[in-house]
Amino acid sequence: MPSSLLWAVDVYGRVYSLSTAGQQWERCRDAHLDFKRVSATAQCCWGIAGDNQIYLNVHASDLPIRYQEETYENQRWNPVDGFSDRLLPSDRWQWSDVTGLQHQPLDSFQLLSDNWEWEGDWYVDENFGGDPTDKGGWTYAMDFPATYTKDKKWNSCVRRRRWIRYRRYTARDVWAKVPSGETPSLPDPFNDLSCGSWDISDEPAGRLSLWAVSLQGKVWFRDGICHHNPEGSIWEEVDVPGEVVQISCGPADLVWAVLWEGQLLVREGVGRDCPRGSSWVVVESPSPEVGAVHVAVGVNVVWAITKDHRVWFRRGVNSHNPCGSGWIGMVGEMVMINVGLNDQVWAISCEDRAVCFRQGVTGSELSGKAWKVVSVTRDSDRSHSSASTSSLQSAGCFFGGEVRVQSQGSVLSDADSETERVPVAVAPSDSEPVASDVPKARIPKVTSDSFISELVSDRDGQVGRRDTLTTAPSIPEEEPVEGTGQIKPPTLVLSPSQSGGLQDPQWSNVDLEEAQTLLTAGAVAESSDTCSLSSVATYNLGLEEAYGGEEPALWAWVAGGSCSVDAHSQLNWFGSSAGANSSAQSMSLSITPAQTAVWRKQILEQLTQRSKREVDNFRHYEQAIEQSVWVKKGSMQWWRDWKPHKWVDVRFALEQFCGAEGNKDGILFIYYTFNDEKKYLHAFINEITILVPVLNESKHTFAIYTAERTKQRWPIRLAAATEQEMHDWLALLSVSCCDARGLHGPPSHQAIWSVTCKGDIFVSEPTLSLEVSPYPTPCDQMFWRQVGGHLRLIECNSLGVVWGIGYDHTAWVFTGGYGGGFFQGLASSTDNIFTQTDVKSVHIYENQRWNPVTGYTNRGLPTDRYMWSDATGLQECTKTNTKPPSPHWTWVSDWSVDYGVSGGTDREGWQFAADFPASYHGHKTLKDFVRRRRWARKCKLITTGPWQEVPPISLTDVTILPCRAQCPLDQVHLWAISSKGDVLCRLGVSRHTPAGTSWLHIGADQPFKSISIGAAYQVWAIARDGSAFYRGSVSPQNPAGDCWYHIPSPCRQKLRQVCVGRASVYTVDENGNLWYRQGVTPSYPQGSTWEHVSNNVRKVSVGPLDQVWIIADKVQGSRSLSCGTVCRRLGLLPTEPRGQSWDYGIGGGWDHVTVRANATEAPRTGIPTLSSTRPGSHPAAQMNGGSLSAGERQ
């Protein structure tokens, strides 16, 4: 899990952040103002400063915040001037928006604030629908408005062209004042703010809701906040039924506020189309006697604090019931509370102003279990250690919890002997007051501006007193005790070494308690010679940490909106630094460096002798057992091979044996009964090619493939009684298969990776004969082993750099481990295994038909699809019966309308068509008699694997430079496409640092969806409109290249994916056709024409040796049809770059394969004569033709 930040403000207005991967509060050095409170998200942090104005701190990122401004220049043709800016009175403006209704000249565009800057000047967009236009960028039509084309025709009477200019947001990692924007009159000074609602909708990207409360109790809403406009555009006042003092907005649609009288308000109607909500509902305070002063909301929780500092939890809160059902009193007294990500709770304690974390908050127990104090230092503690030491005179300190010290100790006089220079301390007597004249620090009880100013003035006074004490002359001076006439004995404190102190103190074996006793007892004997109140005793035992630390911080505000933790997160925030220091001190007092060196030497000698005695002395003996047999049995269910197919109970046994030479093998037996006759089915372990877990709602199923069953598309399907039993068998069988083939440890750098449609990751080790021509190793004989983790796609190269992208567009890098997931013990590496999460959306469709009486209803024709169905309409899927993809997934949201559907939707998410099924569109016409809308619900998977997250940019595609295994590359070129369609280049990627260091943004005029880089630094990309582009001048010296060149697409086809090898370029269009780019040469890398290779292709991968592998949509086996099959192109020769036929491998259910790491060149063999035969030749090698149809059999 990547690191995230917890934000807090102390009582002096200083802003701090604490990383989940760190152990120290880091102060925001850019904050020149004192802040009252902050509200954080993952991308930014909002705050109210001492001037009652709102400031914004946008976190720095490799992806810039840039926005494209556009305007259209319109012209009309006339017989005299031709095309000119003389338009008809009824025409649109000469400079307008795309609709022509708004006047937009070039000089009307202004920067939103001083935090923006222009990237360049205006320029003409010469791209139209993915195709280049004539010089000038004009598109033509018969009239305004109409359908525009890039070609001028005889009836083209009007034309227009688009002008583009980019502006960039520059205020990153600094506190920038938020402008008033288009607000007619500035709002009142602000007193509180809260940001949230980022989970309501993904469009536009980075959308946020910011609520603020003014000093007069008014509520304001900041509109227009999104990724390309982080400051928002305008303040809008929201009517409230009273004076509001505080407000809280959750990540979704919960918004609560606190009234001055102590009641609470709940905002209803908050949604995607109405982020402001529609109305307020009043909720009474948790306690009738005292009103509420603070409220905090999350996704499904509401917490509140009343005026007596009691903490309350609201039960029954969700999106459908934002008001909840009742209050529950919780333990603890707090002054403020905040709900962060995952409904985790943070608070400021009333007693000591410490930041507290609510432990045990889970989806099933939202109220948590107990409060735990966040105990970490601040980055200013060390710098103020000297001042803190001197402040001990007034504040007092404790040594071992027993001896109390009132002031600094005295330095032994020069007359004392060296043996007498022992630091001593005097325990105060009962009759003597202890630090009675020192005022205690006041801790305010409410969070307001008044106490902040009080504490600031109080701090200034303390600083002044501290300076007075530290600058006092250090001359021994006797001070008589009032009323007694006696000299008051001084007290001593252990402090860091200063001038005049002891040099190189001797080590002691006396423990701390004994040392305290000696110090106390010796104080009276030394009091006559040490009578100074302003001198210092030096005792250099490394105690600077214990006595040089600053007083505990007094916090006023905490914000956890950007802190991604949960109940299982491992945080280093709750350790006791004092206890660690005490342990270190006691250890340093008891053990000398000389003793440590002696002990190390003795332990090393003992281990060496033991190893020789137990191992080396018996190596010449022969093994007592030359062969061993091991059997494991169990009960399972087997999906019967013959009709009628059904699950039958069987006995399952794995028999393993080991020969004298150490080679391992085994046999798998399945014992079943048929017609009262006992029979069995068997498979040799070395013949098993893959073990695949099968997701099933009712059974825990897995499939066993062999080469023959891969041809048939009919594996051995077994079901275990429990999920744990299935995982145990899978791990055992996988280890046995790897032992039989001698495969151990992580995948090699030249491995072939693949991903199933369920996200499972498999890897295969290529052999030298895999790509040999003309008879390579058949694909169905390849052995695939599973690797822990869950991904959507993987890309790699032969240097060991492997990247993957999850379903939630999170980027992951391979750590070099193996195992993870259900692999435990010897089947998994002990290090390089990390927790991995993935989030995906489950979709169902609501279908309706129109009738003249009631309009659109859920009453369809008898021949219609289900009114709640999947995308095909063949399977009924309702909100209640739709489950997550497997038991490993858990729901993390409720059902909501999905507006991001291809073809567009109306305001309610509906798509319209003439009938089922048909082409859907987002607007209703007279011929539309059916409609549908898509509902989405997010689910989350938590697993483990050898993958580490690469934050913070979400990706949709990634490509890595293919190269030879021994290639001496210092930097590996890695390109990617962000979820927003931006092209990125990763810097600092190498075999030693595969994650790289930073992202470089590559400018482009339109969003992209696929990208690939070849072995000769050829970068090809596919735009979202299906057009192809080539990046020119990419080289090791110029990793970003210069410019994009448009490549015409195949006729009437929109491309979906591209892959580039050593000297070949392949693409797949949206109709499943595979295309080869003819004429690609080093001097002309763009190529000349497209040639059709095959159909029925889902994805393509081209290796560093120009190998071509695909995922085929449908492949017919001898017994069944499989969808998603790994296939390889045969017959690839320099004279035949398109190849000749396909060789079918593992399938179905596969969604991705990459061979871009397999740079193993096959040994050259002679071509056999026509009369020669090859035993066991694969049928696919004898196939001809280039079409891969669904009915084609292997």
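Four strands form an open sheet in the order S47-S46-S45-S75, with antiparallel pairing. Two strands count as paired if DSSP finds at least two bridges between them. Strand S47 (784-787) and strand S75 (1150-1154) are the edges, each pairing on one side only. Neighbouring strands of this sheet are turned by 30° against each other on average, direction ignored. The axes behind that angle are lines fitted to C-alpha atoms, for helices over the stretch in contact, and angles run from 0 to 180 degrees between N-to-C directions.

This is a predicted model: local features need pLDDT of at least 70, side-chain atom pairs count only at pLDDT 80 or more, and totals for chains, interfaces and linings use all residues. Residues are numbered from 1 along each chain as its sequence is written, and side-chain values use heavy atoms, with hydrogens and water left out.

**Strand pairs**

- Helices (H or I, at least four residues) and strands (E, at least two) are DSSP runs, numbered from the N terminus.
- Strand S46 (residues 761-764) pairs with S47 in the antiparallel sense over four bridges.
- Ser764 has Trp784 of S47 as its bridge partner.
- Strand S4 (residues 35-40) and strand S5 (residues 44-49) are also antiparallel, over five bridges.
- A hairpin through three residues joins S4 to S5.
- Arg37 has Ile48 of S5 as its bridge partner.
- S4 is mostly covered: six of its six residues are buried.
- Buried means under 20% relative accessible area, exposed over 50%, and partly exposed in between (1.4 Å probe, protein chains only).

**Helix H9**

- Helix H9 (residues 723-741) has 19 residues, which should span 27 Å at 1.5 Å a residue.
- The end C-alpha atoms of H9 are 27 Å apart, which agrees.
- The expected span is 1.5 Å times one less than the number of residues.
- Buried residues of H9 include Met726, His727, Trp729, Cys737 and Asp739.
- Gly742 follows H9 and has a positive phi, near 70°.

- Val598, Trp599, Ile603 and Leu607 make a nonpolar surface patch of about 400 Å².
- Patch residues have over 30% relative accessible area and no salt bridge; like charges are joined within 9 Å, nonpolar side chains (Val, Leu, Ile, Met, Phe, Trp, Tyr) within 5 Å.
- Areas come from the Shrake-Rupley method with a 1.4 Å probe; for residues, only the protein chains shown count as cover.
- Val598 sits in helix H7 (residues 593-614).
- Val598 is partly exposed, with a relative accessible area of 44%.

**Salt bridges**

- The structure holds 27 salt bridges, each a side-chain nitrogen of Lys or Arg within 4 Å of a carboxyl oxygen of Asp or Glu.
- Arg276 and Glu236 meet in one of them (2.9 Å, N to O).
- Arg276 lies in the loop between strand S23 (264-268) and strand S24 (279-283), and Glu236 in strand S20 (residues 234-238), so the pair ties together parts 40 residues apart in sequence.
- Arg276 is partly exposed, at 26% relative accessible area.
- Arg933 bridges to Glu846, with the closest N and O atoms 2.8 Å apart.
- Arg933 is in strand S57 (residues 930-945) and Glu846 in strand S51 (residues 834-851), so this pair links parts 87 residues apart in sequence.
- Arg933 is buried at 17% relative accessible area, and Glu846 is buried at 10%.
- Asp1113 forms a salt bridge with Arg1098, the closest N and O atoms being 2.9 Å apart.
- Salt bridges that share partners join Asp10, Arg14 and Arg378 into one network.
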